[in-house]
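User: I am new to this structure and would like to understand how its parts are arranged. Could you take me through it in a series of questions and answers?

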Amino acid sequence: MSYKIVADDYGMNVEINQAISQLAKKNIISKVSVMANASVRYYVNDLGCNVKTGMHLNLLSNPESAGITCNKKNTSLLKMVYLIYTNQLSICQILDSINQQYNIIKSRGFEISYIDTHQHVHIVPKILKSVITFAKTKGIDSIRCITMERRYFIYYVYSLMRFGFIAQIPKMILLYAMGTLMKLKFDKLQINYCKNLILMPLAGRGDYEGLLKELLNKFKDSKAEVVVHPGIATGKVSCDKYYGRYIEYNSLLHLWD
């Protein structure tokens, strides 16, 4: 097989870290996007030795962000866009936040071979410009690009419909549309990226395992990356979004049993 399974959000909390660590040690996951979090103990050795790691930049605050993001309170992508384009949030502030997060991740022993962003906020042109600028200063030559070859994209959208993820199709179409602009910029600047990035939809209201199996079979001979968000459910994190992460975790285990 040529595809790689990429897990996002490593570092967000203990439950997510446990799930990703277990999947990495079973060689199910081969790339892990690491989020900076000063309040949780996690280190590169927790993942085993066969995993490539990158920086999962978080510019949207969450309860576990420990004050390291550029906004002290929770914010949405739309609000961040407003702050940036009304000059209430400067490029310098964004770069400072990226640098702080980079230093935390490096202090835990992780090698940063690529950069991506939480909730794909680097689709916003000014944020993308900041990410590219930072990557150049650190010699990082790969950034996540939300793109997919047209012949695969049509099949991907059709599969979302077949397996019960119709509600998430508009979001995916928007992300990939913005990704075409990213692709043009990356090609011009000779930045490395995966040509077929498969964003798995949020689990919980569709046949996630069926969709994952279908897409992995379709992309088995292509150099694709499949982005997942696994987590282990506990009584403390029983809300819908964490239950969905637990579905993703179990689906990955079942497919490799």
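Analyst: As a starting point, two strands count as paired if DSSP finds at least two bridges between them. The model shown here is a predicted one.

User: Which residue of strand 3 stands opposite valine 32?

Analyst: Strand 2 and strand 3 run parallel and are joined by 4 bridges, which is enough for a pair because at least two bridges are needed. Across this pairing, the residue of strand 3 that stands opposite valine 32 is threonine 53.

User: Which residue of strand 4 stands opposite methionine 55?

Analyst: Strand 3 is also joined to strand 4, by 3 bridges, and these two strands run parallel. In strand 4, the residue opposite methionine 55 is isoleucine 115.

User: How many of the 6 residues of strand 3 are buried?

Analyst: Strand 3 is bridged to strand 2 and to strand 4. Helix 3 lies across strand 2 and strand 3, at about 145 degrees to strand 3. Strand 3 is largely enclosed by the rest of the structure, because the number of its residues that are buried is 5 of the 6.

User: In what order do the 6 strands form the open sheet?

Analyst: The pairing within this open sheet is parallel, and the order of its strands is 4-3-2-1-6-5.

User: What is the bridge partner of leucine 197 in strand 6?

Analyst: Strand 5 and strand 6, the latter spanning residues 224–228, run parallel with 4 bridges between them. The partner of leucine 197 in strand 6 is glutamate 225.

User: How many aromatic pairs does the count come to?

Analyst: A pair of aromatic rings is described by the distance of the centres and the angle of the planes. Rings count as a pair if their centres lie within 6.5 Å. By this rule, the number of aromatic pairs is 10.

User: How many residues apart are tyrosine 42 and phenylalanine 110?

Analyst: Tyrosine 42 and phenylalanine 110 form a tilted aromatic pair, with 6.1 Å from centre to centre and 40 degrees between the planes. Tyrosine 42 is in the loop between strand 2 and strand 3, whereas phenylalanine 110 is in the loop between helix 3 and strand 4. The pair thus links distant parts of the chain, and the separation is 68 residues.

User: Are tyrosine 42 and phenylalanine 110 buried or exposed?

Analyst: Ring pairs link Tyr42 and Phe110 with Tyr10 into a cluster. Residues under 20% relative accessible area count as buried. Tyrosine 42 has a value of 0% and phenylalanine 110 one of 1%, so tyrosine 42 is buried and phenylalanine 110 is also buried.

User: Is the aromatic pair of tyrosine 246 and tyrosine 249 stacked or edge-to-face?

Analyst: Tyrosine 246 and tyrosine 249 both lie in helix 8, 3 residues apart, which is about one turn of the helix. Tyrosine 246 is partly exposed at 30% relative accessible area, while tyrosine 249 is buried at 9%. Planes under 30 degrees apart count as stacked. The planes here are 25 degrees apart and the centres 6.4 Å apart, and the pair is stacked.

User: At what distance from the ring centre does lysine 218 lie over the face of tyrosine 155?

Analyst: The charged end of lysine 31 sits over the ring of tyrosine 114, at 4.3 Å from its centre. Lysine 218 lies over the face of tyrosine 155, and the distance to the ring centre is 4.5 Å.

User: How many disulfides does a search of the whole structure find?

Analyst: A disulfide is a covalent bond between the sulfur atoms of two cysteines. For cysteine 145, which is buried at 2% relative accessibility, the closest cysteine sulfur is in cysteine 194, at 9.3 Å, and therefore too far for a bond. The number of disulfides found in the whole structure is 0.

User: What is the phi of glutamine 190?

Analyst: Most residues other than glycine have a negative phi. Glutamine 190 is found in the loop between helix 6 and strand 5 and counts as exposed, at 71% relative accessibility. Although glutamine 190 is not a glycine, its phi is positive, at about 60 degrees.

Notes: Residues numbered from 1 in each chain as written. Predicted model: local features only at pLDDT ≥ 70, side-chain atom pairs only at ≥ 80, totals over all residues. Heavy atoms only, no water. Phe/Tyr/Trp six-rings, centres within 6.5 Å; stacked < 30°, edge-to-face > 60°. Buried < 20%, exposed > 50% of the residue type's maximum accessible area, 1.4 Å probe, protein only. Lys NZ or Arg CZ within 6 Å of the ring centre and 35° of its normal. Contact = heavy atoms within 4.5 Å. Axes fitted to C-alpha atoms, helices over the stretch in contact; angles between N-to-C directions. Disulfide = S-S within 2.5 Å.
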